[in-house]
Amino acid sequence: MISLKGITKIYATGDIQVAALRGVDLQVDEGEFVAITGPSGSGKSTMMNILGCLDRPTAGEYFLDGADVARATGNELAIIRNQKIGFVFQGFNLLPRTTALENVELPMLYAGVPAKERRDRAIHSLESVGLGDRVHHRPKELSGGQQQRVAIARALVTQPAIILADEPTGNLDTRSSIEVMAIFQKVHQEGNTILIITHEPEIVQYTRRVIYFRDGSVKEDDKVENPRDAALDIQKMNVAI
């Protein structure tokens, strides 16, 4: 699904060059649930930008679902982002004056999907994240956790090759964070490939594989032993209340 070979990213400021990524090799298979983590300045955000086709590597090869991303043109990258990647961001990135339904329809609008099909798919996607009764609510009428669920529904609606989530629980309280991770676990169980960028060790424990960045390189790449079940943790919280 994802193949990186020798990925390097160098930023130049005047005569100073800073290597944000230093020859990263990485393979992610279809259906994996991966956390990418590391301290500030480790290169994980730069890696997210490259994985999401938001930036180009200075050197190296990147293949996503068979597409040669590293050599794609600007227009080709835009098509890849729209068709192959579902984005979920820390700040939700919802249009404030439009409904949940309209927000989820948006990527299909850009792709030219007919109106009825857009609506049907958007409603189904919102129902899949537990928001079937909130389709006509605007972001300000939703909690932070619900807004993030709308963002996940929007990411899923185009049936992308990968879901790429950048600090998806960064603006949420503990309960909402676990609820969001329960949705990601459900999405993963349905066969989707998910990569989460996070600095939170608690969130890593809900994934299946953790890749640890430091100084622009992969320092550890391990299986998550005994991953936590987010749905079970929610049940325990309900009992405690």
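Modeller: A strand is a DSSP run of E with at least two residues and a helix one of H or I with at least four, each kind numbered from the N terminus. Gly 6, for example, lies in strand β1. The model is predicted: local features need pLDDT of at least 70, side-chain atom pairs count only at pLDDT 80 or more, and totals for chains, interfaces and linings use all residues. Residues are numbered from 1 along each chain as its sequence is written, and side-chain values use heavy atoms, leaving out hydrogens and water.

Biologist: Which residues is Gly 6 in contact with, leaving aside its neighbours within four places in sequence?

Modeller: Contact means heavy atoms within 4.5 Å. With those neighbours set aside, Gly 6 is in contact with Gly 23, Val 24, Asp 25, Ala 59 and Gly 60. By contrast, Gly 6 and Tyr 206 lie 29 Å apart in space, C-alpha to C-alpha, and 200 residues apart in sequence.

Biologist: What order do the strands of the open sheet have?

Modeller: Two strands pair if DSSP finds at least two bridges between them. Here four strands form an open sheet in the order β2-β1-β4-β5, and their pairing is antiparallel. At the edges stand β2 (16-28) and β5 (67-68), each of which pairs on one side only. Helix α1 (residues 44-51) packs on this sheet and touches β1 (2-13), β2 and β4.

Biologist: How many bridges join β4 to β5?

Modeller: Two bridges join strand β4 (residues 59-64) to β5.

Biologist: Which residues of the largest nonpolar core touch the most other members?

Modeller: A nonpolar core is a set of buried Ala, Val, Leu, Ile, Met, Phe, Trp, Tyr and Cys residues joined through side-chain atoms within 4.5 Å. The largest has 38 residues, and those touching the most other members are Val 88, Leu 126, Val 150, Ile 152, Met 181 and Phe 184. Elements supplying at least two residues each include α3 (100-110), α5 (144-156) and β8 (193-197), while α6 gives the largest share, seven residues. Phe 184 itself is in contact with residues beyond four places in sequence, among them Phe 33, Val 88, Ile 152 and Ile 196. A second, separate core has 30 residues, including Leu 21, Met 48, Leu 164 and Phe 213.

How values were computed
Axes are lines fitted to C-alpha atoms, for helices over the stretch in contact, and angles run from 0 to 180 degrees between N-to-C directions. Buried means under 20% relative accessible area, exposed over 50%, partly exposed in between (1.4 Å probe, protein chains only).
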